[in-house]
Amino acid sequence: MGEHAKYLLVDTKVLPDVFLRVVQAKRLLAQGKADSLSQAAKMAGISRSALYKYKDFVHNYDESLRENILNISATLEDRPGVLSAVLGELSRFHANVLTVNQNIPFDGVAPVSLSVRYDRGDGEDALLEALQALSGVVDVKIVTSR
């Protein structure tokens, strides 16, 4: 066995419990529920040394990040509340906003690109129509969807 894979995707059912607890501790830190590595380790039920040993090597794989991603391109009027209305409409459709990039306005409009996780419960067309109907939205289209 000369070459080894750098990464393995392993079902958690066969892993020692410590790896799941490391992920839990890291989540507690990221969410601000623990103030330090020591506190996170204690809350997750592992030793601080185990957390230090594995924290940079054990990561949670979120399969949902691979699926249901929409990349949306929009042109919005340069006035207060337009982007907020778009974000509100996305929330109403239960779309989880992953990224927002609004460029500097030019000629009274600003280009915006958004990546959202969307389960397509109401369909992409319904979401697109709702966004297009918003006041201040000049143009909106779905660039890619997975």
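This is a predicted model: local features need pLDDT of at least 70, side-chain atom pairs count only at pLDDT 80 or more; totals for chains, interfaces and linings use all residues.
Let's start inside. The largest nonpolar core has 20 residues, and Ile72, Val86, Leu90 and Leu131 have the most contacts within it.

| Element | Residues |
|---|---|
| Helix H5 | 124-132 |

Leaving aside residues up to four places away in sequence, Ile72 touches Leu90 and Leu131, and its other partners include Val112, Leu114, Val116, Val140, Ile142 and Val143. Ser113 and Lys141 are also in contact with Ile72. A second, separate core has 11 residues, among them Val22, Ala34, Ala44 and Leu51.

Now for helix H5, which shows two sides. Leu127, Leu128, Ala130 and Leu131 are buried in H5. Looking down the helix axis, these buried residues fall within an arc of 165 degrees, so they line one face of H5. Asp125 and Glu129, on the other side of H5, are exposed. As background, nonpolar side chains tend to be buried together in soluble globular proteins.

The largest pocket holds about 640 Å³ of space. Its lining is made up of 18 residues, and Leu8, Leu15, Phe57, Val58 and His59 are the closest to the pocket centre. By type, the lining divides into 12 nonpolar, three polar and three charged residues.

Conventions: Residues are numbered from 1 along each chain as its sequence is written. Side-chain values use heavy atoms; hydrogens and water are left out. On a 1 Å grid over the protein atoms alone, a cavity is a set of points where a 1.4 Å probe fits but cannot get out, and a pocket is an open set with protein on both sides within 12 Å along at least five of seven lines; lining residues have an atom within 4 Å of a point. Grid points are joined across faces, edges and corners, and a volume is the space filled by probe spheres set on the points. Ala, Val, Leu, Ile, Met, Phe, Trp, Tyr, Cys and Pro count as nonpolar, Asp, Glu, Lys and Arg as charged, and the others, Gly among them, as polar. Buried means under 20% relative accessible area, exposed over 50%, partly exposed in between (1.4 Å probe, protein chains only). Helices (H or I, at least four residues) and strands (E, at least two) are DSSP runs, numbered from the N terminus. The arc is that of the directions from the helix axis to the C-beta atoms. A nonpolar core is a set of buried Ala, Val, Leu, Ile, Met, Phe, Trp, Tyr and Cys residues joined through side-chain atoms within 4.5 Å. Contact means heavy atoms within 4.5 Å.
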